Amino acid sequence: MSHFSPLTFRACVVSVELHGTMAADSTLLLSLVEEFVSGLQDSKAKDTATGVKDGEFTVLQLVEALGLSLTSSQPHTRARGVQLLSEVLHECYGGLTEREVEVLIAFYENRLKDHYVITPPVLQGLRALTKCTVLPPGSAVSMLRSLFQDVHVQSLMLTERACVYNMLINLMGTREAELKGLGADFVFGFVQSMDGERDPRNLLLAFQIAKSIILRGYDLGKFTEELFEVTSCYFPIDFSPPPNDPHGITREELIQTLRDVLTGTPRFAEFLLPLIIEKLDSDVQSAKLDSLHTLTACVSQYEHKDVAEFLEGLWASLRREVFQTSSEKIESAGLASLSALTSCLSRSVLNSDSEDSLSTFLDLVLKDCKHHLCEPDLKLVWPSAKLLQAACSASSRASHIITVSVMPALIEQYNSRAQCSHRRTLLEVVQRFIQSVKTGRTSESEDSVFLDFRPSLCSVVFSALTETNSSLQITAASVLTSLAQQTGLLLDSDIELAVDHLSRLLLTEEDGSVSLAVVECAGALAELHPEAFISQMIPRLKKEMFSAPLVQDDNRAASEQHSHHAVRQRCLSALAAVSTRPSVVQQSTPVLLEVLSSAHTGGVGFSVEEVVLACRSLQRIAEQVQDTEETGRCFHDIIIPRLLSLALQAALQGDGAPGGRSPLLEEAVLSAMVPVISTSCSRLQPALAGQTASRAVSLFLDGDVSFLPDNSFPSHIRLLKKQQGDAWSQSQMVCLLMGCVCSLPRSVEVPRIDELLSELEEMSCTCSHLLSHTSAAKCFAGLVNKRAHGDSLDSRIQSTMTRVCSELDSASPSARTQAFTLVIWVAKALLLRYHPLFTTLTDKLFSLLDDADLGPLAADGFSLLMSDSADILNRGCHADVRIMYRQRFFSENSAKLVEGFNAAPQEKKPNYLKALSNIVNKLPKQVQVTELPALLSLLLEALSCPELGVQLSTLSCLQPVLVDPPPALIQQLEALINRLLALTCSPAMDVRIASIRCIHAVSRFPEHEILPVRARVLRALARPLDDKKRLVRSEAVHARADWFLLGS
């Protein structure tokens, strides 16, 4: 035992001045000490700490009470005494004074020389003291010197080793300057402490300490290699955590922390890079991947001189991984490493005395890769090209060196090849080079490295566009896009020629994939060079669309008409694609509006399908065009009024037009106009949106046509009023009103809204035309959804419900159907915003499930409630949509549905099953898995429902639950199997496929549960093997194979 005895310690502590005096119950304290030390009752340590914190006694008095224990001749007794003190300090270290801490540290340092059984509690005490904010100056160094000198850390148990690491972490966080004063001795002490560590939890702590040593600038001295060796011996990490690991240590966490250590300083380069080269020879893919990621990380921190002597070895390893890899991950990681290495070398500063490391390295790369680009069979062209492109993307210097060497060879190869497949491959390689150079450029103002090759590249691309091979044309279009995106590369004459080629292909090329590529290319180029498209392409497309097909004889009429229709389709798509800039939109939208006008007047024969395509092109323009005041004005002042004017002209003419019925009267055309208007209105600036709302309301309520072009309309227009005779052509225009007012931002106030709602309610209940009354109901719902809370809204909903209930009780089937349509849309509007009156409508919908006529309609209505609506009541239209409204509806109403099903007569039960299936099918999958067990009996009933839609919806609900079946489902296994096997013979292919997938999922149930039904399932699955549909046969093969393997 050392000279610093416990008695000396007590004498020192007695001399410490405490903050005030406290009366102590010495009997209680002695009792606690005795019970802990001799009685081995560990809980007494917590009671003692509580007494210290509550002021019943002090740390000094605890030490006095421990006197006999600390001076005992028995090591285990001394250990228990020190343990009690350490556990109390762990709870009470915050209340110690600097003098008390100083004396305690001196005591604990002395105890490190005592018997080994005392070391663990001593380390616990020292760890508690490292958390003190009043550590005396020099105490951190003193503690660590004693620790490194007197304790062999790796001979300790796991917990004590963790204690040492945590001490180091605490002191590095609060006494960094003192620790740095130790110089390299601190690093050496740490290296000795962690050398041989094996536990992942402690390794994570040790790696964090090593990372801090490196990143915070501790002096490594002559121990740089030792620190590297003691950490790099774990590289690459191959740790796999046990199942249900309570400590949560992951392999990824260890990998990243060790990587931070190894890549933290260039001083490790001479050791790390040879290690990486060695590990890349491993056959273990995870080791290769870790090595490549580590290489990428380290070279981003290194300078060229750190890697210079290892370049050949690194290049050989990277080349091998890309040329010979069977894994895309390793190939990607290898290319990323090559790019990072090239970037590192690019950062070198050239002077007359130094070697250009970048040029030296790229010479190696070009020597091994360039010749593969010129081989006759092009076998290794892609690995070589990928390596060159990765290096090319690293920096501007690298891209200049590589492109100057490679591009002439590629262009020469292209021109000398006759096979289209070879030429396409070479063109794709060129494109990848162009894209990689764009990645490596440091500023947009730099001249493109391809400037010297511009004439040759343009010649290659334009010649490829004139080829007859479709894949070559598609690749050429992609290359053209990439060239155009190189700032300042293409001249105006090049752009004009490109637009000419694209226009020609649009008008002549019938291959759909080529047309799609050309349209995409035109869209990309138009954003960069709009003037060429305004002056060249748009006039040419317009001329072609408005020309009539030349028919020489009747036999060729049908094919010519079909061909001309296809050309018009391509032209309409191209007009939409190029219209991303406001300047282009101002030229393209008049052409599309002229298509609608010509179709209406009959000047040029456009089919209904072509008119619908023109509307879809306008919609696409509204969605993609830059959101500026200029485009807002274009839609507000020109496009929306023009659409309303044309629709109104067609509506007023009706069926009695001299040239026949206008295509603009067709429901398909009007339905295509609605999203054009709604998308435009949803993006309008507030002032313009308010004007649009006012104009639309005035038009439909008062017949105010003053803002419409071609203003030659009669003065008595009342679009929302009931008309004499059959006026469906005018009433159906209410769908355009819906597009105008229901997509505006919620901040825009719709004028005269009460009057508007009254008229919409009247139309939805009295107009017999389907599109008219449905659109009126949707428009009513859209306005109600956004209207502010208050008595006005509540009274409107209640009066509407009174009217609807009256209509639902009428004898007229059409009136009841129209009333139901209004109910379901208003219910959806209120559900989305969580309005309290929604419950009233819900109860009405549930009651209608028992209705003989409306029951099936009501069941279908629940699908509408739970689905997203495309044209209204969605977030794109600024509707008030609350999160998780579907889950809320299900939780509040599933019990009602079950009760209704149980109480309903047998002939009405299918309605409830259909409603349930529609609701559950629209729930998120996570909610389905949680909630379905409670509804299992009803879902099994739904599988027996004769309606195919119910069967399919239920099967799609069941499938995710069968993956991890709840006990309730396993108990119903017999009933489930019977129903699923019956559905494998369904007349509907989708039902057969879904039922077989569910049977396949059942094969993963516990074997002892499903083995009894195995033979029956195999017999039943034999029939779908001969199904007439290939998809059914495929599912049956997979399912039957897994059932065959059961029990094997």
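Reader: Where is Leu873 placed?
Author: Leu873 is in the loop that runs between α43 (855-866) and α44 (885-903), helices being DSSP runs of H or I of at least four residues and strands runs of E of at least two, numbered from the N terminus. The model is predicted, so local features need pLDDT of at least 70 and side-chain atom pairs pLDDT 80 or more, while totals for chains, interfaces and linings use all residues. Residues are numbered from 1 along each chain as its sequence is written, and side-chain values use heavy atoms, without hydrogens and water.

Reader: What makes Leu873 buried?
Author: Its relative accessibility is 5%. Buried means under 20% relative accessible area, exposed over 50% and partly exposed in between, with a 1.4 Å probe and protein chains only. Leu873 therefore counts as buried.

Reader: Why is His878 called partly exposed?
Author: His878 has 27% relative accessibility, and so it counts as partly exposed. His878 also lies in the loop between α43 and α44.

Reader: Which peptide bond is cis, and what is its omega?
Author: The bond joining Phe235 and Pro236 is cis, with omega about -5°. Pro236 belongs to the loop between α14 (224-232) and α15 (251-262).

Reader: How do you know that helix α47 is largely enclosed?
Author: Of the 8 residues of α47 (residues 936-943), 6 are buried, so the helix is largely enclosed by the rest of the structure. The buried ones are Leu936, Leu938, Leu939, Leu940, Ala942 and Leu943. Their cover includes α44, α45 (909-921), α48 (948-963), α49 (967-971) and α50 (973-983).

Reader: Why are α29 and α31 called roughly parallel?
Author: The axes of α29 (residues 530-545) and α31 (residues 582-601) cross at roughly 5° and come within 9 Å. Angles under 35 degrees count as roughly parallel, over 145 as roughly antiparallel, 65 to 115 as roughly perpendicular and the rest as oblique. The two helices are therefore roughly parallel to each other.

Reader: Which residues make the contact between α29 and α31?
Author: On α29 they are Pro530, Ile534, Ile538, Lys542 and Met545, and on α31 they are Ser583, Val584, Gln587, Ser588, Val591, Glu594 and Val595. Contact means heavy atoms within 4.5 Å. These residues divide into 7 nonpolar, 3 polar and 2 charged.

Reader: How many disulfides does the rule give?
Author: The count is 0, a disulfide being a pair of cysteine sulfur atoms within 2.5 Å. For Cys458, the nearest cysteine sulfur is that of Cys521, 12 Å away, and Cys458 is in no disulfide. Cys458 is buried, at a relative accessible area of 6%. Cys945 also counts as buried, at 4% relative accessibility.

Reader: How does the radius of gyration of the whole protein stand against the globule rule?
Author: The protein has 40 Å, whereas a compact globule of 1048 residues would have a value near 31 Å. The radius is taken over C-alpha atoms, and the rule is 2.2 Å times the number of residues to the power 0.38. The C-alpha trace spans about 120 × 85 × 70 Å along its principal axes.

Reader: What is the secondary structure count?
Author: The protein has 54 helices and 0 strands. Of its 1048 residues, 56% count as buried.

How values were computed: Axes fitted to C-alpha atoms, helices over the stretch in contact; angles between N-to-C directions. Nonpolar A, V, L, I, M, F, W, Y, C, P; charged D, E, K, R; others polar.
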